[in-house]
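Me: I'd like to go through this one with you, sheet and rings included. Can you show me what we have?

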Amino acid sequence: MKNEMEAMITDITATTAEAEDYTGEDGLLYCGKCHTPKEAYFAEGKTCFGRDRHPTDCDCQRAAREKQQAAESRQKHLEKVEDLKRRGFTDPAMRNWTFEHDNGRNPQTETARFYVDSWETMQAENIGYLFWGGVGTGKSYLAACIANALMEKEVAVCMTNFATILNDLAASFEGRNEYISRLCSYPLLILDDFGMERGTEYGLEQVYSVIDSRYRSGKPLIATTNLTLEELQHPQDTPHARIYDRLTSMCAPVRFTGSNFRKETAQEKLERLKQLMKQRKESL
């Protein structure tokens with residue numbers, strides 16, 4: 001057993017020499033490529049099983065190891081981000097809604113970027129956004145940009161809508177409280193198209209439950225809505241008043257006043273279609 005232990009330690013303390021390696025004037029083995037030591041003496045002249053030196057990385061070995069560690073770290077990061085996006089978006093298309101793909105025409109882009117850059121403060125002070133304005137003005141897109149950018153920082157974000165939440169609650173095998181608790185466990189929750197859900201008594205009660213639970217969790221919320229600030233501040237009845245009061249107390253309102261990008265895109269597609277049809281006609 002002792003001989004096996006000594007052999008193992010000898011293997012550990014021995015340095016494998018390559019053909020181009022050489023022994024320096026100090027008696028240590030040097031790398032033939034980078035000319036830095038591949039061995040080092042034990043401190044204060046100490047020895048281990050008769051050996052006075054131990055292996056160490058030369059510069060090129062160290063660089064190769066660091067490069068490998070960086071590649072492994074990068075791969076783990078990519079896998080983590082992919083998992084966060086898979087879990088965080090109920091609409092897979094939103095994974096590509098990023099600041100990098102933004103057309104740069106939305107006046108509120110800077111406000112959205114600020115949220116990401118100031119995430120630690122937004123989280124600590126429980127500050128959310130309420131993106132409100134007309135249809136097709138980029139509210140959902142910039143909310144998804146925030147989600148994607150934070151996920152790239154390995155922050156877990158859930159971006160969903162109440163239509164999905166209500167369907168999940170109706171079909172969920174887990175308890176209602178457990179589902180809402182899991183939803184509110186995310187550091188950031190984004191509710192898209194708020195106000196478009198069913199206005200039934202049951203639906204409104206579930207909406208209030210989610211908003212109130214998020215409020216009590218002390219974690220930030222971002223919501224997008226086509227409702228006006230006037231409608232949110234002067235609700236039509238008590239059930240809506242309870243919901244809107246909670247929402248507006250959690251989120252700083254950000255008005256979207258840009259043009260309808262979806263209409264512009266549709267018009268661009270129409271013009272492109274006309275162009276293609278004309279080209280085909282001319283080629284016949």
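This is a predicted model: local features need pLDDT of at least 70, side-chain atom pairs count only at pLDDT 80 or more; totals for chains, interfaces and linings use all residues.

Me: Then where is Asp 193 found?

Reply: Phi of Asp 193 is near 55°, a positive value in a residue that isn't glycine. Buried needs under 20% relative accessible area and exposed over 50%, so Asp 193, at 35%, is partly exposed. As for its place, that's strand S7 (residues 188–194).

Me: And in which loop is the place of Glu 154?

Reply: Glu 154 also isn't a glycine, and its phi is positive, about 65°. Its relative accessibility is 39%, so Glu 154 counts as partly exposed. You'll find it in the loop between helix H5 (139–152) and strand S6 (157–161).

Me: In which order do the five strands of the open sheet come?

Reply: The pairing is parallel. S6 and strand S9 (251–256) pair on one side only, which puts them at the edges. Neighbouring strands are turned by 15° against each other on average, ignoring direction. The order reads S6-S7-S8-S5-S9.

Me: What is the bridge partner of Cys 158 in S7?

Reply: S6 and S7 run parallel and are joined by five bridges. In S7, Cys 158 has as its bridge partner Leu 189.

Me: Which helix packs on the sheet, touching S5, S7, S8 and S9?

Reply: Its direction makes about 165° with that of strand S5 (128–133). It's the stretch of residues 109–117, helix H3.

Me: Is the pair of Phe 194 and Tyr 244 stacked or edge-to-face?

Reply: Phe 194 is buried at 1% relative accessibility, and Tyr 244 is buried at 9%. Phe 194 lies in strand S7 and Tyr 244 in helix H10 (residues 238–250), so the pair ties together parts 50 residues apart in sequence. The ring centres are 6.0 Å apart with the planes at 70°; over 60 degrees is the cut-off, so the pair is edge-to-face.

Me: Over the face of which residue does Arg 242 lie?

Reply: There are two arginines to look at here. The charged end of Arg 246 sits over the ring of Tyr 215, 4.2 Å from its centre. Arg 242 is 3.7 Å from the ring centre of Tyr 208.

Methods: Residues are numbered from 1 along each chain as its sequence is written. Side-chain values use heavy atoms; hydrogens and water are left out. Helices (H or I, at least four residues) and strands (E, at least two) are DSSP runs, numbered from the N terminus. Buried means under 20% relative accessible area, exposed over 50%, partly exposed in between (1.4 Å probe, protein chains only). Two strands pair if DSSP finds at least two bridges between them. Axes are lines fitted to C-alpha atoms, for helices over the stretch in contact, and angles run from 0 to 180 degrees between N-to-C directions. Contact means heavy atoms within 4.5 Å. Rings of Phe, Tyr and Trp (its six-membered ring) pair if their centres lie within 6.5 Å; planes under 30 degrees apart count as stacked, over 60 as edge-to-face and the rest as tilted. A charge sits over a ring if NZ of Lys or CZ of Arg is within 6 Å of the ring centre and within 35 degrees of the ring normal.
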